[in-house]
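These are my notebook entries on a single chain. I set down what I looked up, in the order in which I looked it up.

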Amino acid sequence: MPQYLVVGQHQPDLCPSANDMIRKLAAEGGKEMPALAEKLGVKILATYVPMTNHQVYVAVEADDANAVREFTFLGRLGQWNTIEIYQTSTLEEALTRVEELPTIY
């Protein structure tokens, strides 16, 4: 199943550490996230919050990017973050794939 990395970035004034409304929204969304993911066929692999750069990371597996986009939309992450979604590979997969290409240098 394809893996994706969701990256959310917010401004300091929209940080749950500073904004009471966003703190409540983030806490509510965090509690609802597992059920929403299951409903949409998205498997949450990990969540990360560096705590110093106003970013949120969610590693997921899903059949397609549309399910991941819907997950971030219905999970309301886009209401307080700019969202980027990247399809990813493991390091092992990437190293195997690059062997398929001729080098250029």
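Which pattern does the chain follow, read along the sequence? I worked from a predicted model, and there I read the pattern as β-α-β-β-α-β-α. I counted three helices and four strands in the secondary structure.

Entry on overall extent. I noted that the C-alpha atoms fill a box of roughly 55 × 35 × 20 Å along the principal axes. For the accessible surface I recorded about 7500 Å², with 56% belonging to carbon and sulfur atoms. Of the 105 residues, 29% count as buried.

Entry on the sheet. I found an open sheet of four strands, antiparallel in its pairing and ordered β2-β3-β1-β4. Because β2 (43–48) and β4 (82–88) each have a single partner strand, they stand at the edges and one side of each lacks a neighbour in the sheet. From one strand to the next, the twist averages 20°. I then looked at β1 and β3, which pair in the antiparallel sense over seven bridges. In this region Q9 stands opposite Q55 of β3.

Entry on the core. I looked up the largest nonpolar core and found 17 residues in it. Those with the most contacts inside this core are V42, V58, V60, A62, V68, F71 and W80. Two or more residues each come from β1 (3–9), α1 (20–40), β3 (55–61) and α2 (65–74), and α1 gives the largest share, five residues.

Entry on A62. Leaving aside neighbours within four places in sequence, I listed its contacts as M1, P2, Y4, G41, V42, A67 and V68.

Entry on contact range. Among contacts in the chain with a separation of 6 or more, I recorded 66% between residues 24 or more positions apart.

Definitions and conventions:
Residues are numbered from 1 along each chain as its sequence is written. This is a predicted model: local features need pLDDT of at least 70, side-chain atom pairs count only at pLDDT 80 or more; totals for chains, interfaces and linings use all residues. Side-chain values use heavy atoms; hydrogens and water are left out. A nonpolar core is a set of buried Ala, Val, Leu, Ile, Met, Phe, Trp, Tyr and Cys residues joined through side-chain atoms within 4.5 Å. Buried means under 20% relative accessible area, exposed over 50%, partly exposed in between (1.4 Å probe, protein chains only). Contact means heavy atoms within 4.5 Å. Two strands pair if DSSP finds at least two bridges between them. Axes are lines fitted to C-alpha atoms, for helices over the stretch in contact, and angles run from 0 to 180 degrees between N-to-C directions. Accessible areas come from the Shrake-Rupley method with a 1.4 Å probe; for residues, only the protein chains shown count as cover.
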